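Here is a short report for a first look. Take a moment with the view below, then read on.

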Amino acid sequence: MTLKNLFKFVSTCVLVSSILFVAILFAVSNLNSLKTEAALSFQRTVTVTSTSATSYTNYQVRVTLDTASLITAGKMRSDCGDIRTTDSTLVTTYNYFLEGPCNNPNTVLWVKIPSLPAGTTRTFVIQYGDPSLTSLSNGVNTLERYESGATSPTCTLLGIATWDSVNQWIRLTDTTGGSYGLCQWTYNPGAGFYIEYEMWAGGGNGADSIFNYAYARTAPVEEDLVDRGYSFTADEYQTRICFTKSTVSNGTGISCNTTIPTLDNSTWKTFEVKHSGRNAVISLNGTVYVSANDTVTINKTSSLFGIGSRTGGQVNEHRIRNVIVAKYDTGVTAVVGAESQSSSFLSFSIRNAADTANVNTCDMGTASTTAVSSCSYRLKVGTNAVNGFTISMKASGVLTNGSYTVNSAAAGAGGSGGTDISNSTAGTENYGVFITKGSVTGGTTALTSIFNAGATNEVKYDYTTVSSLLTASGANSPGATDTTNTSLVSHLFNISGSTPPGNYTQSITYTVAPSF
Amino acid sequence: MLQQIKKKKFQKDKQKQFLTKLVSSILLFGLILYTGYSIFAIVRENSKASGLTPTITPSAQNVSTTGAVSLSFVSTANLNVGSTITFAYQSGYAGTLTTANTTINTISPSSVTINSTSGFVNNVLTVASSIPSGSTVTISTSALTTPSAAANYAFSVQTSTGDYGANFQYVGQANVVQVTGFIPITLSFVIRTVADSANTNVCNLGTATSTSVASCQYRLKVTTNAKNGYTVSMQASGGLTNSSDILTNSAPGFGGTGGTNIVPGSESYGVVVTPGNLTSSGGNITTVSLFNAGLVNSVRYDYNVPTLLLAANKSNNPAAFGATTTTSLITHNLAITPGSPSGNFTQTITYTVSPSF
């Protein structure tokens, strides 16, 4: 046994350890690769080109992304919650709505861009790759109209239409004969629009229809009784999909297709209309069944818009849900660019109190002995630094007119301290700052102790060395106009009758240190 | 005997087996330790590649300025020859990075590939000389001109070994807030009643007799935020007169002495100036020597040229009413003899205030 066996035993140990070592080395290497990739962000630039003669504000751009591949590659959260959309400078975030489905080769994403002048090109950016983020998808803020069915409808329900909050759909009609139901808005979409909704018909004996209508002067009670505007119909009774402006019951449409799948087989189907000018393209479950032009230009000045349904002598129950309405123009196209690593994202601006414009001044106006003078601005930091950031301040000195420096408030002391500078203390000279710390989307924020005074007190703000002001523990992705995820700095000034006159100034320099 | 030999051999074998097991166990334990340490070292080495905060120099710059800019960070992984560092900045900067105008730790990169994305210019630099983990990596370029628009521009870095981060170059003081406020000049001067309850422009000595001293008073009330105070001057129309006769004036003051003690039956007309105080801490009002007599004495008050009366060294903000301590009291005193001329005697005193801001 001895030496031979010992040699065998040691050899076996070395072999096993080596295999173990290589296996773990491989695993750790891969783990690290994913970890590094996940900590970074990826982006795609979307180029929106308009050849239209119409200028738009708040145009919804529909793009598709292969989120399945991205999720498989570990670049995107499995729920697509880390998608963010911004302007081309990555500074201003845009509202978006993830129509979905997530983890699919053709995930639909709607992005609302603030303006699209006629005949111009605009770009925006889709970012993803930060697993710490959660979804900001918002149909109501992004789309022209949105009804998920999960919340109380924003449309007016007419006829026998009801909202089923349990099943999260709108029941336009039940199986009562000779009835109708509408989900209607007062909304004129202009020259064109996009609408998509899921519809369900069944439970009866085959009638009659679910239809979208636009530019109507009066609320329609049948799919083919159009009082101005157009209807886009899915008619289970006549088994047809139509683009119509018929004014008679079951009348002839501009273009109809009768070779269609069964509509009333009690399954959810997706109905889509793209209308622009005289043109209409109607699809069912992704297949185009009608693509036609009206021969004349109609009056589009009326503003009743909605989705309707009716029963006749024969009946069906009719339901809708996940209604999406957006602007649409055939002259607008969007192309999603190739993916690139957006590396580290960082932005900082000083904004007015409403967060509508950049500012670099804060004018407290004319001081008086009877009322406090004040001015405010916001510190806005956007970053994908997962460990947050620190904002520091450095003052030129005390507020001064060149020869006299005013009395400064006391320093804060972690939620206490400071000096009350308000109308109630008017007449007593004091200058200080109140900081309303904002939130960050990926963590929490905290004021440094000396800037954190008692609830109604202001703090000393004349530090001439760089002083840490606020720390954030996570990333921040504030909206375009965001008074929540930005921090408000208010300068307040009270004077006494003896405070010398003149123009008083102070410069505050802010710096931001991200922590990636 | 054979049994003893067998027993000894058996014991030897036992000892050998024990030693073999002991050595094997030590070797196995050592191998496990070594393997574990190696794995730990790998994990530690790989986990080093991480986010960082680079330093941008200069961190602040004027708009449209050409000059050297550098980005430094401490690498957490080896940057071998052929590794890449993506040095990115926001579009708006003019200039193009090349191997001739860009260095990594003073050595030109072997290549620079520009891969712009929307809003950013990404310069992929290939490392020409290896840089060990833990070293400060400085990317410098002289190619860039800052944008013409003031803003806080982000520079970012990303290495092929996993280090990444970003920081700002603040251009055109976009990170600076100018706080301003204006305090208007306050300056008011009113002649008030003794109680400081109303304005007044008369001081009636009443009917003079040779048995008593006639007097009247008023207050000079100056409100100002003039940091260096103010002066009050007086100018008389002349002596107290009935148009034909001028009553005898008191003697001038002399810095706390002089003046005339006006007593009944001895014709004399003069003024006692009580300067009062200022609201400003440490401030005071002083009476000019000429009007500063000995205690209880009145001073001559008929100077018909502007004559400095009071000097305040700081601002003053007396209350709207009843400010009897922060205003200056002027007391006119008159005593006559039975031989003093009769009639209505008058004198006009004009006061002027000069603030010093």
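Chain A has 516 residues, and buried residues make up 46% of them. This is a predicted model. Chain A holds 3 helices and 31 strands.

## A sheet in chain A

Strands of a sheet pair through backbone hydrogen bonds, and the pairing can be parallel or antiparallel. One open sheet of chain A is built from 7 strands. Their order is 8-11-20-13-14-15-16, and the pairing is antiparallel. Which strands stand at the edges? In chain A they are strand 8 (156-159) and strand 16 (255-257), and each pairs on one side only. On average, neighbouring strands of this sheet are turned by 15 degrees against each other, direction ignored.

Look inside the sheet next. Strand 11 of chain A covers residues 180-186, and strand 20 of chain A covers residues 304-310. The two pair in the antiparallel sense over 7 bridges. One residue pair can be picked out: A:Gly181 has A:Ser309, in strand 20 of chain A, as its bridge partner.

## A sheet in chain B

Chain B has an open sheet of 4 strands. The order is 13-14-19-16, again with antiparallel pairing.

Strand 13 of chain B pairs with strand 14 (residues 214-224) of chain B. The sense is antiparallel, and the pairing runs over 6 bridges. Within this pair, B:Ser188 stands opposite B:Thr223, a residue of strand 14 of chain B.

## A loop residue in chain B

Now leave the strands for a loop. B:Ser342 sits between strand 19 (328-335) and strand 20 (349-355) of chain B, in the loop that joins them. Is B:Ser342 buried or exposed? B:Ser342 has 9 other C-beta atoms within 10 Å. A residue counts as exposed at 12 or fewer, so B:Ser342 is exposed.

How far is B:Ser342 from B:Asn242? In sequence they are 100 residues apart. In space they are 7.8 Å apart, C-alpha to C-alpha.

Definitions and conventions. Residues numbered from 1 in each chain as written. Chains lettered and ligands numbered in written order. Predicted model: local features only at pLDDT ≥ 70, side-chain atom pairs only at ≥ 80, totals over all residues. Buried ≥ 20, exposed ≤ 12 C-beta atoms within 10 Å, placed from the backbone. Pairing = 2+ DSSP bridges. Axes fitted to C-alpha atoms, helices over the stretch in contact; angles between N-to-C directions.
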